[in-house]
Amino acid sequence: MNRREILLAGLAGTSLMGLPRLAVAEPEPKLLTVSKRVLEVKGRAATVYGLTGPDGKPGLSMMFGEHFRVRVKNDTDSDTIIHWHGLTPPFGQDGVAMYGEPAIAPGASKDYDFANTRAGTHWMHSHMGLQEQQLLAAPLIVNEVKQPVFDDHEHVVMLHDFTFRNPQEILAELQGGGGAHAGHTMHGSSQGMDHSQMNHSGSNAGGGMMQGMAGMMGGAGMLNDIVFDAYLANDRTLDDPEVVTVEKNTTLRLRIINGAAASNMWVDLGAMEGELVAVDGNAIYPMKGSLFPLAMAQRADIRLTIPAEGGAFPVLFRPEGVRARTGIIVASKGAAIPRLAGEGDMAPALDLSQELLYRAVAKLPQEPVNRTEMLMLTGGETNYLWGLNGEADPAQPLFTMRQGERIAVMMHNMTGMAHPMHLHGHYFKVMAIGKTVIDGALRDVVLVPPMESVTIVFDADNPGSWPFHCHHAYHMNSGMMGTVGYTSAA
């Protein structure tokens, strides 16, 4: 071999004539730490979970095209596992125990390594028991570019509903026929009834029928079956809200994540008008307004324009069916910061009137639907047993599909509560609301109100066995969870 042939052989990675193979060092995984922390809520200390990235801040932020290489370290005394909500990893790396993945034991770590194909506003949360209710959740932001193209600033807002009670005790109470759910089947009798005064913070919580009727709105059904002590925006109440400082005459993108365990919310911009530009991390044609619905686990990117004269602008988050609220304040430098009451008018039930109008910027390829599956959302009587197609078994296969198929799923809610339905491993298009066919948004969570139907369509392009469940944590842990799986390739 001449000198040129030897050099070429080395560059090709061969080991001819003893030349060393060139090694490329893999970057270290980003460290994500699960820990316990103390949070003060309304002057009272509570021990909750934390989920911090390598910079010590909650969650992770990365670039689109960057390999998802993350190490989760469990620094708590309980088993856990973290789900990458909004991403579509290969089966076995989704972060769900029981579905091909073991839990992460106390003191142990687990590595995740896959090619991420999803940009946008996403989040991560525990998928074990009710740890999500104990604030084991954080943002997961995947940026397409290093600097925003259309916005001068960005700010992430993580929403939670909060209770000082042990969530397992609340679930046991509900399953025993007590709590706010006790009179769930008694529809149409308590117009706008407020349950904020119910004693749901101690052992005597909510056993009577009048208490059980709380949370009902007209004939629409029950809005809330859990009574919370507070609602949080980036861990803070309106007693001491976060103030986001911005320049006058600029734009701000709010990346809002509803990480609540059991509360649908309204985003209320008050005197400001904003543009909703993305839902669940997927761009839609901008929709102007000052009030936007945000169901559990959904995300909304809203663009605000700060006027030339500046000022302070409250952005409120109002859970449906209660007067309590939380929020942040967007303010230009020097603006007087108002004091905001922790309660206001009772927020109405979320509906799908805006969902009907959302139109995705990205389009699915023009292919026919291979078949339509029916999914009945069932249960919810006083025994607090929920289900899908009458089954209350997380391992129950709802249907199977072949890789390459396009599947429509018509979800019909036969219960008296709304259910935010989430499909793992895929994203879907909202195809119809009731009998109205639409070219809707691309999502991974859609709200199905009581006695209504929503049809979604998705491509079977990620083989595995995937959870399909209600994202109300107490419903999911009481049976409203099943699986969809793959058979042979089409």
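Tyr384 sits in the loop that joins strand E20 (371–379) to strand E21 (386–388). In this predicted model, the phi of Tyr384 is near 55 degrees, a positive value in a residue other than glycine. The relative accessible area of Tyr384 is 1%, so the residue counts as buried, the cut-off being under 20%.

Ala297 also has a positive phi without being a glycine, here of about 75 degrees. Its place is the loop between strand E16 (291–294) and strand E17 (299–305). With a relative accessible area of 0%, Ala297 is buried.

## The E1–E2 hairpin

Strand E1 (residues 30–41) pairs with strand E2 (residues 44–52) in the antiparallel sense, and the pairing runs over 9 bridges. Within this pairing, Thr33 stands opposite Thr52 in E2. The two strands form a hairpin with 2 residues between them. One of the turn residues, Lys42, has a positive phi of about 55 degrees.

## Cavities and the largest one

A search of the whole structure gives 5 cavities of 30 Å³ or more. The largest cavity holds about 80 Å³ of space.

The lining of the largest cavity is made by Pro293, Ala295, Gln298, Leu350, Asp351, Leu352, Gln354, Glu355, Tyr358, Arg443 and Leu447. By class, these lining residues are 6 nonpolar, 2 polar and 3 charged.

## The second largest cavity

The division by class is 3 nonpolar, 7 polar and 1 charged.

Strand E7 (120–126) and helix H4 (473–476) each contribute at least two residues to this lining.

Definitions and conventions:
Residues numbered from 1 in each chain as written. Predicted model: local features only at pLDDT ≥ 70, side-chain atom pairs only at ≥ 80, totals over all residues. Heavy atoms only, no water. 1 Å grid on protein atoms, 1.4 Å probe; cavity = no way out; pocket = protein on both sides within 12 Å on 5 of 7 lines; lining within 4 Å. Points joined across faces, edges and corners; volume = space filled by probe spheres on them. Nonpolar A, V, L, I, M, F, W, Y, C, P; charged D, E, K, R; others polar. Helix = DSSP H or I, 4+ residues; strand = E, 2+ residues; numbered from the N terminus. Pairing = 2+ DSSP bridges. Buried < 20%, exposed > 50% of the residue type's maximum accessible area, 1.4 Å probe, protein only.
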